[in-house]
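The following note sets out points for a colleague who intends to work from this model. Please read it alongside the sequence and the coordinates.

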Amino acid sequence: MDFLAILPLWMFTGFDLKALRAFRLFRLLRATGKLAGRGNAVAKLAKAFGFAKDEAGALFTGTGVIIVTVGLGMYHLEHGAQPEVFASVLDGLWWSVITLTTVGYGDVYPVTAGGKILATVAMFAGIGVIGAACGIMADALREASASEAHE
């Protein structure tokens with residue numbers, strides 16, 4: 001279907017991929033229109049965020065504490081063994097965020113025993129944080145659906 005929309009452009013202007021960039025805007029507008037057509041779902045999601053704000057705030061605060069603690073700990077444990085990798089506390093904090101969010105680029109990793117133990121704790125904490133966030137949001141969506149059914 002998208003090909004048929006682009007075909008006249010190619011026929012009249014020639015085959016130029018730069019012209020196709022303009023169609024990205026149309027795709028964005030189409031996606032926005034689809035979301036607007038689901039106003040009920042968007043309202044339900046907004047209501048769910050309202051139900052979950054206290055739990056989400058506690059989760060974000062706890063996650064921040066974990067990130068700072070693990071980042072400072074990793075800097076302290078690994079700076080001596082890898083001064084070029086963990087050159088500053090900010091490098092430790094960045095590693096902590098990447099590890100806790102389970103992204104883990106793999107280019108920076110601990111080499112000391114203490115660093116590996118702390119990394120293991122951070123990885124399990126990251127899995128727990130993501131699981132807790134999913135649980136909080138699922139419960140909030142269930143609560144929003146239940147309150148909508150009672151209205």
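**Note on the predicted model**

1. Burial of alanine 119. Alanine 119 has a relative accessible area of 2% and is therefore buried, since the cut-off for that class is under 20%. This residue lies in helix α6, which covers residues 113-150.

2. Surroundings of alanine 119. When neighbours within four places in sequence are set aside, alanine 119 is in contact with Met74, Trp95 and Pro110. Met74 is one of the buried residues of α4, and Trp95 is one of those of α5.

3. Confidence. The model is predicted, and its chain has a mean pLDDT of 83, with 73% of residues reaching 70 or more. Confidence is highest in α5, at a mean of 95, and lowest in helix α1 (residues 2-13), at 62. Where pLDDT is low, the predicted coordinates should not be read in detail.

4. Overall architecture. The chain contains 6 helices and 0 strands, and its pattern along the sequence is α-α-α-α-α-α. Of its 151 residues, 19% are buried. Among contacts between residues at least 6 apart in sequence, 66% join residues at least 24 apart.

5. Helix α4. This helix comprises residues 53-78, and its 26 residues reach 36 Å from the first C-alpha to the last, close to the 38 Å expected. An α-helix has 3.6 residues a turn, so residues three or four places apart point the same way.

6. Helix α5. The 12 residues of α5 reach 16 Å from first to last C-alpha, close to the expected 16 Å. Gly92, Trp95, Ser96, Ile98, Thr99 and Leu100 are its buried residues.

7. Serine 96. Which residues does serine 96 contact, leaving aside its neighbours within four places in sequence? They are Ile66, Ile67, Val70 and Gly71. At 1% relative accessibility, serine 96 is counted as buried.

8. Threonine 102. This residue follows α5 and is found in the loop between α5 and α6. Its phi is positive, at about 60°, although threonine 102 is not a glycine. Its relative accessibility of 45% places threonine 102 in the partly exposed class, because that class falls between the 20% and 50% cut-offs.

9. The largest pocket. Its volume is about 230 Å³. Of the 15 residues in its lining, Trp95, Ile98, Asp107, Val108 and Tyr109 are the closest to the centre. Helix α5 (residues 89-100) supplies the largest share of the lining, with 5 residues. By class, the lining divides into 10 nonpolar, 3 polar and 2 charged residues. Two of the residues closest to the centre, Trp95 and Ile98, are also listed as buried in α5. Trp95 additionally contacts alanine 119.

Notes. Residues are numbered from 1 along each chain as its sequence is written. This is a predicted model: local features need pLDDT of at least 70, side-chain atom pairs count only at pLDDT 80 or more; totals for chains, interfaces and linings use all residues. Side-chain values use heavy atoms; hydrogens and water are left out. On a 1 Å grid over the protein atoms alone, a cavity is a set of points where a 1.4 Å probe fits but cannot get out, and a pocket is an open set with protein on both sides within 12 Å along at least five of seven lines; lining residues have an atom within 4 Å of a point. Grid points are joined across faces, edges and corners, and a volume is the space filled by probe spheres set on the points. Helices (H or I, at least four residues) and strands (E, at least two) are DSSP runs, numbered from the N terminus. Ala, Val, Leu, Ile, Met, Phe, Trp, Tyr, Cys and Pro count as nonpolar, Asp, Glu, Lys and Arg as charged, and the others, Gly among them, as polar. Buried means under 20% relative accessible area, exposed over 50%, partly exposed in between (1.4 Å probe, protein chains only). Contact means heavy atoms within 4.5 Å. pLDDT is the predictor's confidence in each residue, from 0 to 100. The expected span of a helix is 1.5 Å times one less than its number of residues.
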